[in-house]
Amino acid sequence: MRKLIIDTDTASDDAIALVLALRCPDVKVEAVTTVAGNVPVEAATRNAMVSIAMADSYRPPVYRGCGQPLWRRQITAQQVHGQDGLGDRGYPDPGIPLEREHAADAIARLVQENEGIDIVTLGPLTNLAMAVRLYPQAMSKVRSITAMGGQYRQLNPHWPCSEFNILVDPEAAQILLGAGIHITFVPLDVCFGAAAFDRQELDALYALGTPQARFFVDCNRTLIDYTLAKYGYEELIMPDPTAMACYLEPGLALEKKPAFTRCELQSVLAPGELVYDFERRGGEPENSALVTKIDAERFKKMIFDCCR
Amino acid sequence: MQKLIIDADTASGDASAIAFSLRTPQLQVLAVTAVAGAVPLACACRNSALAIGRAGAGGAPLYAGCDRPLVRPAAAQPGPWGADGLSGNAFAGPGPAAGPEHAVNALIRILRAEREVTILALGPMTNLALALRKAPDIAGNISCIAAVAGCGLSRASHTAAAEFNVFTDPHAADAVFRSGVPLLLFPAETGLADARLEEAELAALRASGDPAAELCVQGGAWQAEYHRARYGEAFFALPEAAAAACLAHPEWILGSLRCKVRADVSGAATLGQTVLDGKAPEEEKTARVVTALDRRALAACLCKTLGGEGAK
C-alpha cells in the first residue's frame with residue numbers, strides 16, 4: 001500500500017484531488033499539509049478539512065504550514081476560486097481538529113518515520129522547501145514528489161511564462177529542484193482539451209447526485225463562472241485532480257519526459273518559469289520528469305467512479 | 001537587563017561578540033544560534049562553544065541552525081579568516097555541545113516564551129528568515145534585530161556593491177528587512193571605521209592572558225594582513241562586539257539615520273546590495289542605520305570586558 005502526504009493550498013480543484021485520494025483503496029494518505037496559495041493558509045486549512053469530511057472515507061491528520069512564500073510577497077487566486085476558495089458555497093466547518101505541529105516539521109517527521117513515502121503537491125512548494133532547508137537529511141528519504149505545477153507549451157492567459165503554483169514561490173521550487181529528490185511535474189498543458197470537463201460532462205457528473213458529485217461541481221462554481229466570463233465557454237479544467245490521478249494511477253501518464261529542470265528566479269519577463277532541459281548536453285542530472293500526455297478518458301472515468 | 005539571542009556564523013569577530021555579551025551585566029544571553037556563512041555550520045558551532053566556554057560567565061545554550069543559505073549556494077570557503085575562522089589557531093577549551101533542537105525551532109520556542117528580546121544577527125540571516133516565516137507570531141516579541149550587515153553609505157566590503165552577510169543570503173536578509181521588526185543596522189563601513197582597537201589597546205588585550213582575549217586577538221590575527229592588502233592599513237576592528245556593546249550602551253551610537261532597507265536578490269552587479277531608502281513612507285522606515293560610533297568608549301569597554309576586568 002503506497003503512503004503519501006498531500007500538500008495543498010486547498011481551493012476548489014485541490015478539494016477534488018483530496019477526495020479522489022481519500023477514496024482510492026490503493027493508497028493511504030498519512031497527512032494533509034496546508035500552504036498559502038490559492039487562498040490564505042487559514043482558508044486552505046479549513047477547506048482541506050471540508051474536503052476530508054466530504055470524502056466520507058478516513059480522516060488523516062491535518063497540519064497547517066506556511067502563510068507566506070519564503071521570500072516573495074503573497075499572491076492568491078481568490079478571484080478564480082471564490083473568496084473562500086470553494087465557490088463561496090458556505091460549507092460548514094466539519095470540526096476536524098488541527099494538529100499542533102507545523103506542516104514542515106510533520107512532513108520531515110513522516111518522511112523519516114515511513115520508509116518510501118511519496119508526496120503529492122497541489123500548491124506552492126513553500127512547506128516542502130522549508131522542510132528541505134530545516135531537515136535536509138530526513139528529506140533526502142522522500143521516495144517521490146508528484147507536483148501539480150508549471151506549464152510547457154500552453155499559452156497561459158494569466159501569466160505568459162509561468163503557472164500559479166510555481167509563480168507564487170519560485171524560490172521554493174528551485175530549492176526543491178536542487179534537493180536531489182525526483183519531481184514529476186504535471187503541468188497545466190495536460191489539463192486542457194480532452195481532459196477538461198465541458199457543460200455536458202459537468203451536468204452528467206452532477207446528475208450522479210451523490211454528495212461528492214454535487215461537491216465537485218458546486219465548489220468549482222466560481223471557477224466555472226470565471227472561465228465563462230473570460231473565455232465565453234463553460235468548461236472546467238482540473239489541474240490538481242489531474243496531478244493526483246497521475247500519482248494514483250501511474251499508467252495515466254502516457255508520456256513522461258525526463259529533464260533537468262530549473263526555476264527562473266531573476267528574469268523580469270519570466271519570473272517563476274520552469275525551464276525544462278530535456279537534452280542535458282552538459283551532463284546535468286535528471287532531477288525531474290514532465291508529463292506531456294495523459295489518458296484523458298481514463299482520467300474522467302476516475303472522477304466519475306470516485307463519485308459513485 | 002536586555003534579553004539577547006545571538007545568531008552567528010562564528011568566526012573570530014562573532015566569537016569576541018559572544019564572549020563580550022556573556023560578560024556584560026546589562027545583557028542576558030538567552031541562547032546562541034549558529035548558522036553557516038563565514039565558516040561551515042559545524043565550525044560555527046565549535047567556535048561558538050569555544051567563545052561560550054572561554055567567557056566563563058554562566059554560559060548559554062547553543063543550537064545549530066541552517067547549513068546553507070535559503071536559495072544561493074554556500075559561501076566559498078575558506079574566507080580570509082582561515083578555514084577554522086580563527087586564523088588557523090588550534091584553540092582548545094570546554095564549551096556546550098549544540099542542543100538537539102534545530103536553531104530555527106529554538107528561536108521560535110524562546111521567542112514565544114519571552115517578550116522584548118533583541119536578536120544580535122552577526123551572520124547571514126538564514127535562521128532568522130526561516131523562523132519568521134515558520135512562526136510569524138514571534139515578530140511581536142522581538143524588540144529589535146541588531147545586525148552587523150549591509151553597507152551602502154560609502155563603500156562596500158565583500159563585493160563592489162555588497163557586504164558579506166547580506167551577499168551570502170540576500171533572500172533571508174530581504175525577508176528579515178521586510179518583516180516589520182525594528183532593525184538596528186551596523187553597516188560594514190561604520191564597523192571598520194569606528195570599532196577599531198589601536199595598537200596599544202590591542203597590546204594590552206594580548207597581554208591580559210585572558211582566554212576570551214586570546215580568542216579575540218589571536219583568532220583575529222587574520223585581520224592585519226587582510227586589511228593591509230585591501231585598505232593599505234593593518235588595522236584591527238571588532239564590529240560585532242561593538243554592536244553588542246552598543247546594545248548595552250546606546251549612547252555610544254553617535255550618528256544614525258532612519259530609512260527603509262531592502263536587499264537585492266537578483267542583481268548581476270548589485271547582488272546582495274542593501275538599498276537604503278530615505279524617501280519611503282514613515283511607517284516603512286523600520287531601519288535605523290548606524291553611521292558613527294564612539295570609538296574610544298567602545299574600545300575601552302571591549303578591552304576591559306574581554307581582558308577579564310569587567311567580567312560578571
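**The sheet and its setting**

A: Phe260(A) stands opposite Asp277(A) in β10(A), a pairing that belongs to the 4 antiparallel bridges by which β9(A) is joined to β10(A). This is a predicted model, in which local features need pLDDT of at least 70 and side-chain atom pairs count only at pLDDT 80 or more, whereas totals for chains, interfaces and linings use all residues; side-chain values rest on heavy atoms, without hydrogens and water. Residues are numbered from 1 along each chain as its sequence is written, with chains lettered from A and ligands numbered from 1 in the order in which they are written.

Strands here are DSSP runs of E with at least two residues, and helices are runs of H or I with at least four, both numbered from the N terminus; two strands count as paired if DSSP finds at least two bridges between them. Strand β9 (residues 253-263) of chain A is also joined to β11(A), through 6 antiparallel bridges, and there Pro258(A) faces Ala289(A).

These strands belong to an open sheet of 9 strands in chain A, ordered β3-β2-β1-β4-β5-β6-β11-β9-β10, in which the pairing is mixed. Parallel pairing is found between β4 (residues 118-121) and β5 (residues 144-148) of chain A, which share 4 bridges; Asp118(A) has Ser144(A) as its bridge partner in β5(A). Helix α12 (residues 239-248) of chain A lies across β1 (2-8), β2 (27-34), β4, β5, β6 (183-186) and β11 (288-294) of that chain, running at about 165° to β1(A).

Chain B contains 12 helices and 11 strands, and 9 strands form an open sheet with mixed pairing, in the order β3-β2-β1-β4-β5-β6-β11-β9-β10. Its edges are β3 (62-64) and β10 (274-277) of chain B, each with a single partner strand, so one side of each lacks a neighbour in the sheet. Strands β6 (residues 183-185) and β11 (residues 287-293) of chain B pair in the parallel sense over 3 bridges, with Leu183(B) opposite Ala287(B). Helix α3 (residues 103-113) of chain B packs on the sheet, touching β1 (2-8), β2 (27-34), β3, β4 (117-121) and β5 (142-147) of chain B, and its direction makes about 155° with that of β2(B).

Of the 312 residues of chain B, 61% count as buried, that is, under 20% relative accessible area with a 1.4 Å probe and protein chains only.

Finally, the two chains meet in a contact (heavy atoms within 4.5 Å) that takes 19 residues from chain B and 18 residues from chain A. The area buried between them is about 1,800 Å², of which carbon and sulfur atoms give 56%; buried area is the accessible area, with a 1.4 Å probe, that two parts lose on being put together, summed over both. Arg133(B), Lys134(B) and Arg178(B) supply 36% of the area that chain B buries against chain A, more than any other three residues.

Definitions and conventions:
Axes fitted to C-alpha atoms, helices over the stretch in contact; angles between N-to-C directions. Buried < 20%, exposed > 50% of the residue type's maximum accessible area, 1.4 Å probe, protein only.
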